[in-house]
Amino acid sequence: MKLSFRWYGEDDPVTLEYIRQIPGMRSVVSAIYDVKPGEVWSEESLAKMKKTVEDAGLVFDIVESVPVHEDIKLGRNADELIENYCENIRRCAKYGVKCITYNFMPVFDWTRTQLDKKAPDGSTSLVMYWEQMKGLDPLKDDIHLPGWDSSYTQEEVRELITAYGKIGEEGLWKNLEAFLKKIIPTAQECGVRMAIHPDDPPYPIFGIPRIITTEENIDRMLAIVDSPANSLCLCTGSLGCALTNDIVRMTEKYAARDRIAFMHMRNVLVLEDGSFEECGHLSSGGSIDMYEITKALVKHGFDGYVRPDHGRMIWGETGKPGYGLYDRALGAAYINGLFEACEKALKD
Ligand SMILES: [Mn+2]
């Protein structure tokens with residue numbers, strides 16, 4: 001596996017110098033953040049990113065994300081936007097990128113109700129409590145859940161939600177299919193693996209359709225274009241918010257078929273009413289068995305990318321919720337340990 005770490009560019013309070021000091025760290029997962037979804041990334045920015053990362057002694061070969069414009073997901077005048085997307089794949093490939101992560105979630109990338117919930121040990125993390133969601137209706141109320149794109153006005157959000165409501169799940173599938181059939185051949189030609197991130201959490205919120213949610217739906221998505229270029233970013237914490245998802249079985253199945261390009265490894269504690277709290281990476285801290293997941297990957301000779309996903313805020317660190325240095329570095333150390341133990345056990 002190739003150990004990687006997300007970095008938000010020059011403005012990220014976590015420096016590349018610190019990232020490099022994490023044992024076993026190889027790749028920086030980043031993106032060009034000053035370009036709007038739907039537009040083409042400049043070669044100049046990509047060249048600069050590559051140089052900055054390489055100067056720090058790391059590798060720039062994985063991107064997260066190239067965002068998918070809402071009009072592609074809605075199938076509204078999408079041709080030019082999809083062509084721009086293909087051009088971004090070609091340009092990333094030109095600068096050494098081998099894997100591109102993206103998601104097909106309508107309107108909001110992820111949903112949480114609080115970003116700094118304090119645990120008994122004093123650490124803070126992201127949570128979603130149904131209690132705090134109750135009664136909220138984005139079609140009626142002026143709501144701002146943390147992490148939601150503030151570049152939309154409330155009016156635009158309503159328009160989008162209504163449009164998604166009209167096309168429904170099957171409409172979203174149809175638009176995903178059209179998108180994949182255009183971008184995957186391009187990715188294949190360029191030697192890039194596209195890695196779709198599951199919806200987070202993996203069920204509809206506010207009646208907005210969500211489709212990358214279950215094993216059945218992931219099977220359907222992978223079958224649209226049956227190629228390793230059409231792969232998964234298997235995010236244990238996102239899929240794991242639904243206890244009906246058997247993450248170990250899914251990892252085993254998709255690793256065996258070489259359809260996992262990227263692993264997001266983190267743990268999440270699912271509560272009785274389906275609410276969830278992000279927790280430390282350790283299996284015993286949450287609802288996900290990180291050891292069995294690693295074992296399944298190692299068994300099938302997984303050689304894709306892995307990154308510790310969100311961490312808690314610990315040791316007084318402040319910064320981007322979920323993306324501090326300390327707890328993600330602990331996550332990386334834990335992932336290293338799991339892989340070393342599983343690899344050695346397999347050799348015995
Ligand atoms: Mn993730």
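Two strands count as paired if DSSP finds at least two bridges between them. The model is predicted.

**Overall build**

The chain has eleven helices and twelve strands. Its C-alpha trace spans about 55 × 45 × 40 Å along the principal axes. The radius of gyration is 19 Å; a compact globule with 348 residues would have a value near 20 Å, so the two agree. Of the 348 residues, 43% count as buried.

**The barrel**

Which strands close the barrel, and in what order? Eight strands do, in the order β1-β2-β3-β4-β7-β8-β9-β12. The pairing is parallel. On average, neighbouring strands of this sheet are turned by 30° against each other, direction ignored.

Strand β4 shows how the pairing works in detail. On one side, β4 is joined to β3 by three bridges, and the two strands run parallel. Ile62 has Cys99 of β4 as its bridge partner. Strand β4 (residues 99-103) also pairs with β7 (residues 193-197), in the parallel sense, over five bridges. Strand β4 is mostly covered, with four of its five residues buried.

In a regular strand, side chains alternate between the two faces of the sheet.

**The open sheet**

A second sheet is open and has four strands. Its order is β5-β6-β11-β10, and the pairing is antiparallel. Strands β5 and β10 (268-270) form the edges, each pairing on one side only. The twist averages 35° from one strand to the next. Inside this order, two bridges join β6 (residues 124-128) to β11 (residues 276-278), and these strands run antiparallel. Val127 stands opposite Glu277 in β11.

**A helix pair**

How are α9 and α10 oriented to each other? Helix α9 (residues 247-256) packs against helix α10 (residues 290-299) at an angle of about 10°. Angles under 35 degrees count as roughly parallel, and α9 and α10 are therefore roughly parallel to each other. Their axes are 9 Å apart. From α9, the residues Ile247, Val248, Thr251, Glu252 and Ala255 take part in the contact. They meet Glu292, Ile293, Ala296 and Leu297 in α10. By class, the contact holds six nonpolar, one polar and two charged residues.

Most residues other than glycine have a negative phi, and most peptide bonds are trans. The table gives the exceptions described here.

| Site | Feature | Angle |
|---|---|---|
| Glu64 to Ser65 | cis peptide bond | omega near -10° |
| Asp200 to Pro201 | cis peptide bond | omega about -5° |
| Val107 | positive phi, not glycine | phi near 60° |
| Trp315 | positive phi, not glycine | phi about 55° |

Where do these sites lie? Ser65 is in the loop between β3 (59-64) and α3 (70-74). Pro201 is in the loop between β7 and α7 (215-224). Val107 sits in the loop between β4 and β5 (114-118). Val107 has 19 C-beta neighbours inside 10 Å, so Val107 counts as partly exposed. Trp315 has 11 other C-beta atoms within 10 Å and is therefore exposed.

Methods. Residues numbered from 1 in each chain as written. Predicted model: local features only at pLDDT ≥ 70, side-chain atom pairs only at ≥ 80, totals over all residues. Axes fitted to C-alpha atoms, helices over the stretch in contact; angles between N-to-C directions. Buried ≥ 20, exposed ≤ 12 C-beta atoms within 10 Å, placed from the backbone. Rg over C-alpha atoms; globule rule 2.2 N^0.38 Å. Parallel < 35°, antiparallel > 145°, perpendicular 65-115°, else oblique. Contact = placed C-beta atoms within 7 Å. Nonpolar A, V, L, I, M, F, W, Y, C, P; charged D, E, K, R; others polar.
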